[in-house]
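Student: Can you walk me through this one? I have some quick questions.

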Amino acid sequence: MNIPIAKPFLGKEEADAAHKTILSGWVTQGPKVAEFEENFAEYVGSKYAIAVSNCTTALHLSLIVAGVSEGDEVICPSMSYIASANSITYVGATPIFAEVNQDYNLDIESVKSKISSKTKAILIVHQMGMPADIDSFKRLSQKHNIQIIEDAACAIGSEYKGQMIGSHSDLVCFSFHPRKVITTGDGGMISTSNKKFKDRLKRLRKHAMSVSDYERHNSKEILFEDHLEIGYNYRMTDIQASVGIEQLKKLDFILNRRREIAKIYIDGLKEISCIILPKDKNGFKTNYQSFSIFLKKSSPIKRNELMKILSSKGIASRRGIMNAHLETAYKQKKIKLPVSENYYKNSIIIPLYSSLKNDQIYYIINEIKKLLIT
C-alpha cells in the first residue's frame, strides 16, 4: 500500500476544458472566470462570487472591504492554518487568538472575552469543513457592530442549518488548493450578497482598475482605465476557471463519496476507546475535507509514534491542525490556549479523498486498530 493523505479528483473533462481555453487565446481573467463565478454563486446560494488567486488573498481583500486597517484587532482562532492570522497582519491589524471548543471551531465565550474597543471583525474558520455556529457569531457581531468574515477555505459543500456555507454572511472565503474538496490547481473565491463589497472586491483584485481587460476588449468604444485606489494582482486565470467549472459539476459526487468514506471510518474506528472521532452537530453537515482522530491520554502510543508506524505501513498522515501562536512568526504573543494546543499535539489527520478505495479504507482502519486496541 502507498496511500497519500489527499488526492485531487481530476480527469479528462478538466484537461479538455483547460486545453480548449488555452487554444481560445484568452487565458488570463476573462469569460471563463465570469462563468465560474456565476456557477459558484448559484451553487452556494449567494448573489455574487469573486474569483481570486487563492484563499489567502480572498481573506486579505475581505478584510480590506470590511474596513479593517492598522491599529485594529481581529479575533480569530490560533488553531487554523497560519494564512488566517497572516491575512489580518497584512492589513496592519493584530490577530487576537481565541480558544476553540470540542468541535474544533471558535469558542464563543472565549471570543466574547477578547472583544475590545479595537475589535473590528471576527474571523470564524470552518475547520476541516466542519461548520462553525454562524448564527451565534452573527448575533454577537451585531451586538458589538463588528464584521463577520468566514474562512471557509475547507468548507465548500458543507451545510449549516440546511443552507450551503457561503450563503450566510457577506464575506465568505474559499480555497481551491489541491488538498481541498475541489481544485483549480490553486485559487480562491469570495461569496457575498453585498453589491458594494462585490464591486470593490472585483476592482481590488486587478490593481483597482476602473475597467477590466475583458470589458475593454469587448467594447466598441475606446476605453481608458483609471486606477481608483491601491489595488492588487490577485486575479484567477481563465485556465484555472475552466477547470473549476468542471470541478463544480462533480462536486455533489465528491461530497457523497467523502461522506461515505467518513461513515466507514467512524463505523470501523468507533470501538477504539482511546480516541475521539469527528461528529456533526444537529443542523450542521460537514464535507469531510479532512478526517481527524484525537488521541486521549489513555492512548497506548503517542501521536508522533503513531504517524511514524503508519508511514512504515504506507499510510500517510498529518499532524493535528497547527496553532499559529506556537509558530515562530507569532510566538512572541506568549499566550496559552490549552484546548487548541491539546488538539494540535494529540491529533492526526488520516487519508480521505474521493478516489480512496474501500480496501484501502479498511486497511487503514485495521492498522490503526492494531496499534490502539490493547
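Predicted model: local features only at pLDDT ≥ 70, side-chain atom pairs only at ≥ 80, totals over all residues.

Student: What is the order of the four strands in the open sheet?

Tutor: The order is 10-12-14-13, with antiparallel pairing. Strands are DSSP runs of E of at least two residues, and helices are runs of H or I of at least four, numbered from the N terminus; two strands pair if DSSP finds at least two bridges between them.

Student: Which strands are at the edges?

Tutor: Strand 10 (275–276) and strand 13 (318–319), each pairing on one side only.

Student: How many bridges join strand 12 to strand 14?

Tutor: Four, between residues 291–295 and residues 347–350. F291 stands opposite I350 there.

Student: And the three-strand sheet, what order does that have?

Tutor: That open sheet runs 7-6-11, also with antiparallel pairing. Strand 7 (163–164) and strand 11 (284–285) each have a single partner strand, so one side of each is left without a neighbour in the sheet.

Student: New topic. Where is V27, and is it buried or partly exposed?

Tutor: V27 sits in the loop between helix 1 (12–24) and helix 2 (31–44). V27 is partly exposed, at 35% relative accessible area (buried is under 20%, exposed over 50%, partly exposed in between; 1.4 Å probe, protein chains only).

Methods:
Residues numbered from 1 in each chain as written. Heavy atoms only, no water.
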